[in-house]
Amino acid sequence: MTPSSSSSGRGEREMERSLLQWRLLPLLALIASFLSFFFASRSFQVTQGSKCSLLPHDHYWISSKRIVTPDGLISGSVEVNGGVIVSVVKEADWHKKQRSRVKVIDYGEAVLMPGLVDVHAHLDDPGRSEWEGFPSGTKAAAAGGITTLVDMPLNSCPSTVSPETLKLKIEAAKKRIHVDVGFWGGLVPDNALNSSALASLLDAGVLGLKSFMCPSGINDFPMTNITHIKEGLSVLAKYRRPLLVHAEIEKDSEIEDGSDNDPRSYLTYLKTRPTSWEAGAIRNLLSVAENTRIGGSAEGAHVHIVHLSDAGSSLDLIKEAKSKGDSVTVETCPHYLAFSAEEIPEGDTRFKCSPPIRDAANREKLWEAMMEGDIDMLSSDHSPTKPELKLLSDGNFLKAWGGISSLQFVLPVTWSYGKKYRVTLEQVASWWSDRPSKLAGLHSKGAIAVGKHADIVVWEPEVEFDLDEDHPIHFKHPSISAYLGRKLSGKVVSTFVRGNLVFGEGKHASDACGSLLLAT
């Protein structure tokens, strides 16, 4: 699968010269000289006048003492030309590669890392742009070092479940996105048993499908059962694209009579979605995921379990499935790694999400699974809403809208809370760039390597900042973020998307020049 995209680079023209036409050489040389001057001048004018980038150069080098590459951490330089990485050199080889008249930006000790690829974000556009929207969401992404987002099919209105609804989303995103954006489509009962309907949605360009095994809370995105999922996988196998699954299945609640439980207590909410909901869903899901094995009826399809919260039985089931050869991956989110149920204040519904944040012992096990590679990647699950729907004044966890607003902060949050576990820069790049890009089939992204898009985040891991009301926050409703009031480490300095400096020194490029990523 190759996402379609526009390229800012221009191919060089070559002229074949025959010795038999030696009399034309002077004229050809003159023409070549004129054309070279014309195109060079035109390229310079376009770049200089471009509002897509804070950097008026199409060809430049960026240097650092710490560059995260697929071959490890190096001190050196990265050459960018036409939005693509054309060379990566170590410091010792720099003198052999440097060319005159090419801009060099030296970031010193700041880290150069592949831009983050967030495969799980709700931008709620079109239809619920008062919750977020493409402009604010992608500005927040750029400020946080995220260079690629894959937007979820629900919380926008209508949900993205057909070629027609995908077209609405594409039109809403055009010229309004500051980073590259792709789209998941929805697997719902209305299309799950209709292979031609699913095929048409996949042909229209979604990168894969998403389904819920429990009510989503959105009327036009109903839950699927295991039969729907099995049929969906058989279609996805032909396209070699993934199915993302919200794996919770409703069972008996641990609360028998709500009258005896305080709705302002987070522990009351936690009882309504016990770990058995996750484990039950995953056990059911894996009964059909085994078809994705080599030689299976759905070979070529892939199952990805989103936002894992339970580090107990649910994780054990996933590990067992992987060991048997199921094509399965799993993600968790920074809020499950940063927070614990015990520390959530009474009535602070900013922390409500599903699956819920569990206890501190579970959080430790999640970190252990991250460090051992049992959890494959991270995503934000940025799920904003209007502040009034969080019921902050009432503090009723049972009625408030769920979702954590986090898009701009996932890099510093991962680093800040991961330092205790000796997380490395290479691990952060793997969790946030390499593996997510592969899941989404975005093979031109996810690494600082020759031939990849020049999607790069520059950040300072040692720099601390207070996430308070004075900190610039770019997503639409900062007041509902559970991270407000935290001290974090890891300041994002610059963000490059396809070579465009879209964010630097606290400012965004004036134009929204992100590209749409559609599967072909």
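The legends below describe close-up views of a predicted model. Local features need pLDDT of at least 70 and side-chain atom pairs count only at pLDDT 80 or more, while totals for chains, interfaces and linings use all residues. Residues are numbered from 1 along each chain as its sequence is written, and side-chain values use heavy atoms, with hydrogens and water left out.

**View 1. Strand β5 and its two faces.** Strand β5 covers residues 111-114; strands (E, at least two residues) and helices (H or I, at least four) are DSSP runs numbered from the N terminus. In a regular strand the side chains alternate between the two faces of the sheet. Here Val111 and Met113 point one way, Leu112 and Pro114 point the other way, and all are buried (under 20% relative accessible area with a 1.4 Å probe, protein chains only).

**View 2. Neighbours of β5.** Two strands pair if DSSP finds at least two bridges between them. Strand β1 (residues 59-69) runs parallel to β5 and is joined to it by 2 bridges, with Leu112 as the bridge partner of Ile67. Strand β15 (residues 456-466) pairs with β5 in the antiparallel sense over 4 bridges, and the partner of Leu112 in β15 is Val458.

**View 3. The open sheet around β13.** The sheet has 6 strands in the order β9-β10-β11-β12-β13-β14, with parallel pairing. β9 (185-186) and β14 stand at the edges with a single partner strand each, so one side of each lacks a neighbour in the sheet. In strand β13 (residues 328-332), 5 of 5 residues are buried: Val328, Val330 and Thr332 on one side, Thr329 and Glu331 on the other.

**View 4. Pairing of β13.** Strand β12 (residues 302-305) pairs with β13 in the parallel sense over 3 bridges. Val303 has Val328 as its bridge partner, and His304 has Thr329. β13 also pairs with β14 (residues 377-378) in the parallel sense, over 2 bridges, and Thr332 stands opposite Leu378.

**View 5. The second largest pocket.** A pocket is an open set of points on a 1 Å grid over the protein atoms alone, where a 1.4 Å probe fits, with protein on both sides within 12 Å along at least five of seven lines. The volume of this pocket is about 480 Å³. Of its 26 lining residues, the closest to the centre are Ser216, Gly217, Ser354, Trp401 and Gly402; lining residues have an atom within 4 Å of a point. By class, the lining has 10 nonpolar, 11 polar and 5 charged residues, with Gly counted as polar.

Definitions and conventions:
Buried means under 20% relative accessible area, exposed over 50%, partly exposed in between (1.4 Å probe, protein chains only). Grid points are joined across faces, edges and corners, and a volume is the space filled by probe spheres set on the points.
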